[in-house]
Amino acid sequence: MKQDIILAGVGGQGILSIATVIGFAALEQGLYLKQAEVHGMSQRGGDVQSHLRLSTEPIHSDIIPRGAADLIVSLEPMEALRYVPYLAPGGWIITNTVPFVNIPDYPPMESVMAELNRLPHVISIDVDAIAKEAGSPRGANMVLLGATSALLDIGGPEVFRNGIRRIFGRKGEEVVAANIKAFDAGFASAKQQ
Amino acid sequence: MADKQLLLGDEAVALGALHAGLSGVYAYPGTPSTEITEYIQGHPLAAERHVHDAWSSNEKTAMEAALGMSYAGKRALVCMKHVGMNVCADPLMGSAMTGANGGLVVAACDDPSMHSSQNEQDSRFWGTFGMMPVFEPSNQQEAYEMTRAAFDYSEENGIPVIMRLTTRMAHSRAFVTPSDTIRVQNELHYPAHPKRWVTLPVNARVRNRELIQLYAKCEADAAASKLNSMVDGPDHSLGVVACGIAYNYLMENFPDGCPYPVLKVSQYPFPRKLALKLAEMVPTILVLEEGQPLVENMLRGVFPTQTKVIGRIDNTVVRDGELSPDEVRKALGLPALPTFAPSQVLAPRPPALCQGCGHRDFYTALNNVLKKDYPTARVFSDIGCYTLGYMAPFNAIHTCVEMGASFTMAQGAAYSGTWPSVGVLGDSTFTHSGMTGLLDAVNANADVVLCISDNLTTAMTGGQDSAGTGRIEAICAGIGVDPAHIRTIIPLPKNYPDMEKVIREEIEYHGVSVIVCRRECIQTARRHAKQK
C-alpha cells in the first residue's frame, strides 16, 4: 500500500490537524509516514499545503513528485486547483466548495468549479454547511477528513476517531465529541456520493 | 525499544540533544529552526533535568551563552535560521579557535527556495570557512541519531559541530525510534587547554595550527564515517554524490534501487578520498546537493581532468531553489511523469498581515501622513511581520535587508539629505539588533523618525518571548533619546487622528524621534484570551 496525499487550504483553516489525525491513524496501523509542511511567513493568510505520504514500505522523499498524488484534499476550492499538476492521472480531488476570499482577484466561482469538474475524479462537498448541520461549525476540517477517510487505506473510521481522541483529548470531552460528530457527518456524506 | 514518535526533523534534533545529555539551549526564533527550541522547552525531560533555555536577544548572544556553557564543561545547543549564522559569525568563528569543552552543537536551518527568508545562503560554508565539521541528516531518524553523534564528536575532538538542516528536513514529520539509553548530563569541569580560550595572538597562532591539523583529521574521520557511505550499482556510466536530503530525491526516482554507484554524504569536511574512489569507477559524477554548489565547486577543478562533474553550475540541476524529486528526475534524464495541466484561473494568495493586526493601523496612519504631506519621505524597514507592509494596499516601505537595518539605513539616508527619513521595525527586532543603531542615531543627533511597531512578541515565528517587552521606552530613554521625543501611540482606527498628529510632530522635530506604536499581536492575544 502506498498513498500520496496533498492537503491544501489557507493559513488557519486547520489542514495540519487533518494531517496529525492521519498521522496517529498511520502509527496505529504500523505504516510508514512522511509529512512535509510549511511554516512561517507563508502561513499569514497565504496558501498552505502539506505533503502527506503513507506506505507499507519505507518512504524516501518528503515531497510528492508531480503527477504522483493519489489524493488532493482541500479546504478551499481554488486551493485544490493550485496542486492539480501533482495529481496522478487516476487520482482524486476531495474539496470544500466554499471559497475563502481574502484576495482582490479571486476568480469567479463558476470558472473555479468548471475547472474542477473537468477533472475525472472530483468530490466536492460544502463542508462548512455539513459542519454547521452537525452542530460543530468549527469542525469543517474534520468533516473533510471524514469524507476523505473512505478513500484512505488505513482502516475503518474508528482508527480516525482514535486519532481525534488523541489530538483533541487535552482540550476536553466536549471538543472531542464535536470533532467526532463532524468527522462522522463527513464520512456519511462521502458514502452518499 | 522505546516507542516510535512522530517528530518533525527539528523535533528529532531536539530529542537527540536532550538524550545526549544537554544542559542548555539558546536561540533566536527563525523559520525553519524555531521548533527545535520550542520542543525542548516543552519536554518533561528538560524540566526534570533543569535544562536551561532562553530565547536570546539575538543569535550572537545565543551563541556566546552556549559557548560559555561549553567552557564550563556542559553540553549546549544553539539554534537559528541560516541568516542567523551571519549575526553570530564572530563567536562562531571564535568558537573554532577556542574549541569546545562540553559538547557544542550549532543547529543551522537553511531555507532554499526562500519560503520564509531573504536569501538562500548555505550554512555548510561556515564549516569550510571556520574549519568545523558539519553533519547533514537525510531523514528524521538520522536527525535524532546524528545530533547525539554530533555532541559526542564535538566533545571528543574539542570542536563545535554544525548540524545543517534544510526546510524539508526541518519541517517534515516521520516516525522516529529513540534509543533506550539516555546519556547523563556532564558535571561542571573546566577546559584542559585553558590557553585556547584566550585568543590573544600568542595563543591563537598556536591554536590555528592545531585547528588546521584537526580539520584534516575531521576529513579523515568523515571518509571513514558510517554517515558517509558508498553503494555500488550495476551501471557505471554515471556516479552520483548525494548530500543530505538530496539522497531521498535520488532514491525516490529508483524504487527498485539506484542503478548507479552512489556516494551518500552526511558528514563534512567533504571526504575527498571517497570522491576519488567514485571517480575510479565512473567517467561522470552528478552532484546533488540542497543549497549552493559547495561540493560541486570543490570537485570541479580549474584544470582539465578525466572526470566530468555535472550539477547546478552547468544547469544539469536547477541552479537555484530547493531540490525536488522532479528536479532530480530531470537531472537524471528520466522522462517527467504525466500530469494534468496547471489551472488557468488560479490567483496567487500571498501572505498578508492578519485582519485586525496593529501593524495595519500603524501603516494606515503613517501613509495618511506621508503620502499626503511628505511625498519625498522614504521608509526603511527590515525583517518581521511588518515587512508585509510592502504589500498592497499599504505599499508603505521602501527597503528590507536584514534584522535591524531599518534604523541604521534611515540614518545613512538622512545624512545624504533624505527627509523625512523614517525607520520601522518591531519590538523583537529592536532588541535583536536595532538598539545599537539607535545609539548611533542619538550620538549623531540624526534627523530621523524611528518607529517601533510593538506587538509584545516575536510574531512571525509564532509568538516567542520578545526580549524587551514592557521596557521599550525605558531602553530608548536609557540609550539617550530625549524623553519628550519618545512617543507612544495605540494603533486602532479610532486613534488615527491622534496617531497622525504624533507622526507629524515628530517629523517636524529635527532630531532623533522614537514612536512606539503598541498593541498586542492578535494571534497571541487570542491565545491569551483562550488561556483565561
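Select helix 4 of chain B together with what surrounds it: the buried residues of this helix pack against strand 2 (22–27), strand 3 (52–55), strand 4 (75–81), helix 5 (84–87), helix 6 (89–98) and strand 5 (104–110) of chain B. Helices (H or I, at least four residues) and strands (E, at least two) are DSSP runs, numbered from the N terminus. This is a predicted model, in which local features need pLDDT of at least 70 and side-chain atom pairs count only at pLDDT 80 or more, while totals for chains, interfaces and linings use all residues. Residues are numbered from 1 along each chain as its sequence is written, and chains are lettered from A and ligands numbered from 1 in the order in which they are written.

Now colour residues 59–71 of chain B by burial, where buried means that 20 or more other C-beta atoms, placed from the backbone, lie within 10 Å of the residue's own. Ten of the 13 residues of helix 4 are buried, so the helix is largely enclosed by the rest of the structure; among them are Glu59(B), Lys60(B), Met63(B) and Tyr71(B). After the helix comes Gly73(B), with a positive phi near 95°.

Next, show both chains: 39 residues of chain B are in contact (C-beta atoms, placed from the backbone, within 7 Å) with 41 residues of chain A. On the chain B side, strand 8 (172–176), helix 11 (246–252) and helix 14 (325–331) each supply at least two residues.

Finally, select strand 2 (residues 32–37) of chain A, which pairs with strand 8 of chain B in the antiparallel sense over three bridges, pairing requiring at least two bridges found by DSSP. Here Ala174(B) is the bridge partner of Lys34(A).

Technical notes:
A residue is buried if 20 or more other C-beta atoms lie within 10 Å of its own, exposed if 12 or fewer, and partly exposed in between; C-beta atoms are placed from the backbone. Two residues are in contact if their C-beta atoms, placed from the backbone, lie within 7 Å.
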